[in-house]
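Subject: Structure handover

Hello,

Here is the structure for you to look over. My notes on it follow below.

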Amino acid sequence: MATPPVFSSGSVLTAAQMNSVGMWLVSKTTIGSAVATVTTGTVFSSDYDNYRVIIRGVKTSAVNANLLLNFGATVTGYYGSQYYDAYTGATTGANRRNNGANLYIGAAENTLGEDVHSFDIANPFLASSTSINGTYYGASYSGWFGGTQASSTSFTTFTIRPDAGTITGGTITVYGYRSQ
Amino acid sequence: MTISLTWRVKYYSNTATSVDLTSFTQSAGIDIEVGIGLAGRSTAKIVLNNNTGAFTPNGTGTYSSVDWFKQGFIIENKSSTGAYVTSFCGMVSDVNIEIISTKESRFTLTLVDIMTIAGRSTATTSYSAFILSTPAWQSLGMMFNGYTDSGTVYYSGVDMPYIGEANESEVNTFCVTDALTYVTNDDFPAGRVGDWINNNLLVTGPGTAFCTDLKTSAGKFLWYIYYIDYPLNRVDPELYKFSDASAALVSGEIPYEAIDVQYNFDQVVNSCTAQDQRSFYTQTTATDTVSTAKYGIRNVAFNSTCTQAQADVDRVAYFWSNRYGTSRYTVKRIKTSYSTLKQAVDNGVADQAFSKLLTANYGIWQRAQVDYVAPGLSSQTTEQLMIRKISIAITPSDTDVVIELLPGVDNQSFQLNSSTYGILNTNRLA
């Protein structure tokens, strides 16, 4: 058997080969215009333990606004931080959550929609803590973020929101990592 | 719902004149056959009533002075609601006059398709190196028609029959597929077009091609040829459902009278050696080791492909070694007839399906589903197959049809969302 994804013409497409595919598209959500929050459909399930989320092209109504993340309807028990560094070198710093209402996932653009936020989510569907770690670029800031939702709740959805104003446009794409 | 099947036999003397011979036809037979890596072949035989001497050469009959070898023939059929569809088109290769008595005579025409006729032609020049890369189906047309660009004739093609027109007839090739074979036409030696097609072109990919129709155009005739490329899937598929009629037929099903289920061990190929005509790329040998461990080596070699990349040479080798390494117990042929259809069915869908089945354009290399129950089997078996040959025997009272089949699993490619050809571990990648 050829090592996926290299296939020979005429060969049988086997279940083993398909089972070796590491990442599958779960959902793609398009963000509307001037919305305060965006909640995905059901994206977490027993199919995957871990997920990759890519958020791109979001424009905020407020300047230098950050995006925030919630799992399900849970608004407490979030622990984490976000580092930010302006490419001008003028500003660096951190935002933190200690039993907060959500997690920081990076700054978003005000006008250009050039921002990208890419992060992994571990165990959202399992009845255990749900943790994230990722990186971002937006509003001339680069940085990393990470954190956990420290409850044993099983989640199927997540919500993003700006910490000020509304957001317009962009997409939220969720992939599942195959682990079996 | 009326079930009917109407045949018509006619020939063209030119694009404006067609002559209907149906009323003279005592019987007719058509064979249409394809094989992967080979040119398809269509033949026909028309037996005409010559009791009045209408066809006796040098006589006074209506057709006594017709030069049969320069006419373009069509045998076509239609269902109760459909239009005429072409079952055979071609030209006469032999005429036989049988004089039984002074009052009884039969006039028999033997016909072959245009690929057979024109393929005999020897091209006076090598196939142009200026046509370096084309899809195989287009290249097939150029081999007959020639290639001219901006007034410069790079390759003049072969002499095609005029059929009473001012211009030579031409070939019109056609292919609907989701993947194309590109071929290089460099360095073909001067030779017979039929050899180019069989030894060089159709083994590359590989693919097959067959004649489907003869149509009139402005001042010339067009011979239609359908090309099947290496995925082997037609993008304009028909699915013919055949049943032993042991249960009530569902709409569109065609009942059959007899079935022949055999092992297809003679078709097993588990090793292939491929190389291009120019020896420009490395020779590739691919082997299905699981199959060779069971059956020993059954090798085929294609050393004259007109491939334009190493990957294409490899694809030819993998195609044969991966597809045909399994011996299967499979439906080889079924026999049905118009009378069987008419007795068992009162269904317009089956009526039209039967008419289309009897054509190259809609019937050959199409999908077939056959249900049967054999002794020792507890339940009905349903097989997915491909139609590789259609033999039609036409008389005024009935039409008998024998359909030869190949396993669909070996002769189709993976198709997303298909319940029959989208099965992991079973269906093959194109």
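A salt bridge here is a side-chain nitrogen of Lys or Arg within 4 Å of a carboxyl oxygen of Asp or Glu. By that rule, the structure holds 18 salt bridges over all chains. Please keep in mind that this is a predicted model.

Salt bridges

Side chains of opposite charge can pair when their charged atoms come close. One such pair is B:Asp260 with B:Arg333, at 2.5 Å from N to O. This pair links distant parts of the chain. B:Asp260 sits in strand β17 (residues 258-263) of chain B, and B:Arg333 in strand β21 (residues 329-337) of chain B. The two residues are 73 residues apart.

The interface

How many salt bridges are there between chain B and chain A? The count is zero. Polar contacts do occur there: five residue pairs across the interface of chain B and chain A, both partners at pLDDT 80 or more. On the side of chain B that touches chain A, seven residues are nonpolar, four polar and three charged.

In terms of contacts, 14 residues of chain B meet eleven residues of chain A. The size of an interface is often given as the accessible area lost when the parts come together. Here the buried area is about 990 Å². Carbon and sulfur atoms give 63% of that area. In chain B, the residues that lose the most area to chain A are B:Leu424, B:Asn425 and B:Leu429. Together they make up 53% of what that side buries.

The largest pocket

The largest pocket has a volume of about 390 Å³. It is lined by 20 residues. Closest to its centre are B:Gly35, B:Ile36, B:Gln267, B:Arg388 and B:Leu406. Four elements of chain B each give two or more residues to the lining: β3 (25-35), β4 (38-49), β24 (399-407) and α9 (408-411). The largest share, four residues, comes from β4(B). By class, the lining has ten nonpolar, six polar and four charged residues.

Backbone points to check

Most residues other than glycine have a negative phi, and most peptide bonds are trans. Two places go against this.

- B:Gly205 and B:Pro206 are joined by a cis peptide bond, with omega about -10°. B:Pro206 lies in the loop between α3 (193-201) and β13 (208-217) of chain B.
- A:Asn64 is not a glycine, yet has a positive phi of about 60°. A:Asn64 is in the loop between β4 (59-60) and β5 (66-71) of chain A.

Best wishes

Definitions and conventions. Residues numbered from 1 in each chain as written. Chains lettered and ligands numbered in written order. Predicted model: local features only at pLDDT ≥ 70, side-chain atom pairs only at ≥ 80, totals over all residues. Heavy atoms only, no water. Contact = heavy atoms within 4.5 Å. Buried area = accessible area lost by both parts, 1.4 Å probe. Polar contact = N/O pair within 3.5 Å; in protein donor to acceptor, adjacent residues only side chain to side chain. Nonpolar A, V, L, I, M, F, W, Y, C, P; charged D, E, K, R; others polar. 1 Å grid on protein atoms, 1.4 Å probe; cavity = no way out; pocket = protein on both sides within 12 Å on 5 of 7 lines; lining within 4 Å. Points joined across faces, edges and corners; volume = space filled by probe spheres on them.
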